[in-house]
Amino acid sequence: MATGETGFSDVVYDLISVQYHSLKAGHDYGQYVRDAENANKKEIVEFFRTVMEQDSERAARCHQFLAELSGTEDAGPAVS
């Protein structure tokens, strides 16, 4: 597996990046839900909750893949 400037495989870096952005977005969506609730926009509240769930699932899937790669030659410099 190719490695970028970090020494970690590109795939591991990409998974970490997607996981980080999914978790960060999920945190931000909590405010969006509150804003829509305060505006009494129930359909938009449900939309933001759905988007939040999707990002949570995406982050969990990345976590699963990272666990599978951990300790393998495909992971990066932590492997001896």
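The largest nonpolar core has five residues: Val12, Leu15, Cys62, Leu66 and Leu69. The model is predicted: local features need pLDDT of at least 70, side-chain atom pairs count only at pLDDT 80 or more, and totals for chains, interfaces and linings use all residues. Residues are numbered from 1 along each chain as its sequence is written, and side-chain values use heavy atoms, with hydrogens and water left out.

Me: What makes Val12, Leu15, Cys62, Leu66 and Leu69 a nonpolar core?
Reply: A nonpolar core is a set of buried Ala, Val, Leu, Ile, Met, Phe, Trp, Tyr and Cys residues joined through side-chain atoms within 4.5 Å. Those five residues make up the largest such set. H1 and H2 each supply at least two of its residues, and the largest share, three residues, comes from H2.

Me: Why is Ser22 called buried?
Reply: Buried means under 20% relative accessible area, exposed over 50%, and partly exposed in between (1.4 Å probe, protein chains only). Ser22 has 5% relative accessibility, so Ser22 counts as buried. This residue lies in helix H1.

Me: What does Ser22 touch, not counting residues up to four places away in sequence?
Reply: Contact means heavy atoms within 4.5 Å. Ser22 touches Asp55, Arg58 and Ala59. Of these, Asp55 and Ala59 are among the buried residues of H2.

Me: Which residues does Leu15 contact, leaving aside neighbours within four places in sequence?
Reply: Leu15 is in contact with Cys62, Phe65, Leu66 and Leu69.

Me: What covers the buried residues of H1?
Reply: The cover includes helix H2 (42-69). In turn, the buried residues of H2 pack against H1.

Me: Why is Asn40 called exposed?
Reply: Asn40 has 65% relative accessibility, so Asn40 counts as exposed. Asn40 is found in the loop between H1 and H2, and has a positive phi of about 55° although it is not a glycine.

Me: Which residue with a positive phi follows H2?
Reply: Gly71 follows H2, with a positive phi near 80°.

Key:
Helices (H or I, at least four residues) and strands (E, at least two) are DSSP runs, numbered from the N terminus.
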